[in-house]
Amino acid sequence: MQKSIERIAGDSEGVSYEFPVFRFTGSDKAASSAYLQAALHAGELPGVVAIDALMPALNKAAAEGRIKGDITIVPWANPIGRAQYHFGEHQGRFHLGTRTNFNRAFPLLAAPDAKLLPDTAFGGADQRLKSRLVQLSLGHDIVLDLHCDDEGLAYLYIHTSLWPAMADCAAAMGVDAVVLWSEDTDGTFEGASIMPYQNVPADVAKFDRRVATTVEYRGILDVDGALAKADADGLYRLLVARGVIADSTLSAPGPFKGVVAPLENIDMMPAPRAGAVLYDVKPGDRVVRGDRLATIVHAPGETDGRAEVFAPQDGIILTRRSRRIIRAGEDLLKLVGDRKSADARSGTLED
Ligand SMILES: [Zn+2]
């Protein structure tokens, strides 16, 4: 394993950022290659500890000559967000200098060619970071971007062009659900990892082996040794299933048994009032239309001080908030409905 240090120039003199990259060189040039990164949203740490738990297995495979395809690992992909604190609270989701979400405004290239990347010499540090992450990931057959939600199940975002071909990956990772999307107008990292392959020749696109996904490893507080080990085992099974690592002790993953739904089926459930949230449901719960999902206590102690929110359709609770204070219009939870949502805001990636 080789470790190198990436350096990103800051936006003023004397400031720069660094992050390590680990590389394993595969023995078989025909084998699939893999790129894994975690904590692009810099405070989302389940993927960071999963990678930490995965590394001993990769080092063992390397020592035994079982690494077939090249593997590139960026365990903490966002040194800018990692260093951002505002009045003592970590701020890892948006770049404070530009208010841009760290998982938006990635360049969506017309083809998988680093020469097409925009010139970032006069851009900001966050743009330089994004350009560099795309450059590091380009050319890998498998690209995994490890995130987490607020409170939630383990689930994957997958572009429709890769489904059901990626069902073995979802099964190998042991996630609970898969959300399928088709349009990225905002430039997520996942979008930057799959859109360049949409309009290129089949021998470049290689859709028979391509993997790109945003992995949502449950909730922000699910940073836990046992979960990290289980997630590392899932990542390892995926790498073996796709031939990046040879391991004859593992059998092929079975069929994926979790929930699969298009993004259009997600109801985001905005809060009608500001207040304290009392949830009736938690991630994984099955609900039917009309079930109460939550009560907002907006005027405590008053007769009409509560507002109730009900399920607009049958489905499963995918996520909910980790904090219990809410403003009117903010989202209470994600409900994966059995049918298309009536909510016009569904249909965009929310990682
Ligand atoms: Zn995220």
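Start with Met 195, which sits in the loop between α5 (189-194) and α6 (202-205). Keep in mind that this is a predicted model.

**Met 195 and its surroundings**
- Met 195 counts as partly exposed because its relative accessibility is 23%, and partly exposed covers the range between under 20% (buried) and over 50% (exposed).
- Leaving aside residues up to four places away in sequence, Met 195 touches Leu 108, Leu 109, His 159 and Trp 181.
- For a sense of distance, take Ile 8: Met 195 is 187 residues from Ile 8 in sequence, and their C-alpha atoms are 25 Å apart in space.

**A cis peptide bond**
- Trp 163 and Pro 164 are joined by a cis peptide bond, with omega at about 10 degrees.
- To find Pro 164, look in the loop between β9 (154-159) and α4 (167-173).

**Positive phi without glycine**
- Ala 39 isn't a glycine, yet its phi is positive, at about 60 degrees.
- You'll find Ala 39 in the loop between β3 (34-38) and α1 (46-63), and with a relative accessibility of 1%, Ala 39 counts as buried.
- Arg 218 isn't a glycine either, and its phi is positive too, at about 65 degrees.
- Arg 218 belongs to strand β11 (residues 211-219).
- Is Arg 218 buried or exposed? Arg 218 counts as buried because its relative accessibility is 17%, and the cut-off for buried is under 20%.

Technical notes:
Residues are numbered from 1 along each chain as its sequence is written. This is a predicted model: local features need pLDDT of at least 70, side-chain atom pairs count only at pLDDT 80 or more; totals for chains, interfaces and linings use all residues. Side-chain values use heavy atoms; hydrogens and water are left out. Helices (H or I, at least four residues) and strands (E, at least two) are DSSP runs, numbered from the N terminus. Buried means under 20% relative accessible area, exposed over 50%, partly exposed in between (1.4 Å probe, protein chains only). Contact means heavy atoms within 4.5 Å.
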